[in-house]
Amino acid sequence: CNHFFALKLHLSTTALNKMRLSRLATVFGCILLLHAIVSAVHYRATTDDEEDRNHIPRDIFAEGTFGFVLASAGFIFLSSKLEVISKQKLMQHKKFENFHCRPDFMIFNHRGQKREERS
């Protein structure tokens, strides 16, 4: 509980309003998208004509598109600040010997470890 109040003190009111607006846009966009999906399924279930079943009405399409755009924009604005991807900044502090060193791909749980334990 104290963590939330500390976070609230550090953020400015405009940042909090932006976060609230982003959450609202995300929730409202997801609700619109879900409603468009339910409407499209209902339309297909109640339509008898085979040609009409292959497409959905424009209002359902517009609602789904608007919901998708709104939810996507809300997710983008909710995410943290994106970092610049630049090879120059990544390689600036690396020595030439370390270019092939990739700690993400190192595996320390392999059978060589078991052989050392036996000795």
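The legends below describe close-up views of a predicted model.

View 1. The chain has 119 residues, of which 15% count as buried. Its accessible surface comes to about 11,200 Å², and carbon and sulfur atoms account for 63% of that area. Among contacts between residues at least 6 apart in sequence, 66% join residues at least 24 apart.

**View 2. Helix α4, residues 58–78, along its length.** The helix has 21 residues, which at 1.5 Å a residue should span 30 Å. The C-alpha atoms at its ends are 30 Å apart, in agreement with that expectation.

View 3. The buried residues of α4 are I60, E63, G64, G67, L70, A71 and G74. Seen down the axis of α4, these buried residues fall within an arc of 135°, so they line one face of the helix. An α-helix has 3.6 residues a turn, so residues three or four places apart point the same way. The face of α4 turned away from the buried side carries the exposed residues R58, F61, F68, I76 and F77.

**View 4. T26 and its contacts.** T26 is found in helix α2. With a relative accessible area of 7%, T26 is buried, because the cut-off for that class is under 20%. Leaving aside residues up to four places away in sequence, T26 touches A71, G74, F75 and L78.

**View 5. F28 and G67.** F28 is found in helix α2, which covers residues 13–46. The relative accessible area of F28 is 43%, so the residue is classed as partly exposed, a value between the 20% and 50% cut-offs. F28 and G67 are 39 residues apart in sequence, and their C-alpha atoms are 7.5 Å apart in space.

**View 6. V41 and I56.** V41 also has its place in helix α2. At a relative accessible area of 54%, V41 counts as exposed, because that class takes values over 50%. V41 and I56 are 15 residues apart along the chain, with 9.3 Å separating their C-alpha atoms.

Conventions. Residues are numbered from 1 along each chain as its sequence is written. This is a predicted model: local features need pLDDT of at least 70, side-chain atom pairs count only at pLDDT 80 or more; totals for chains, interfaces and linings use all residues. Side-chain values use heavy atoms; hydrogens and water are left out. Helices (H or I, at least four residues) and strands (E, at least two) are DSSP runs, numbered from the N terminus. Buried means under 20% relative accessible area, exposed over 50%, partly exposed in between (1.4 Å probe, protein chains only). The expected span of a helix is 1.5 Å times one less than its number of residues. The arc is that of the directions from the helix axis to the C-beta atoms. Contact means heavy atoms within 4.5 Å. Accessible areas come from the Shrake-Rupley method with a 1.4 Å probe; for residues, only the protein chains shown count as cover.
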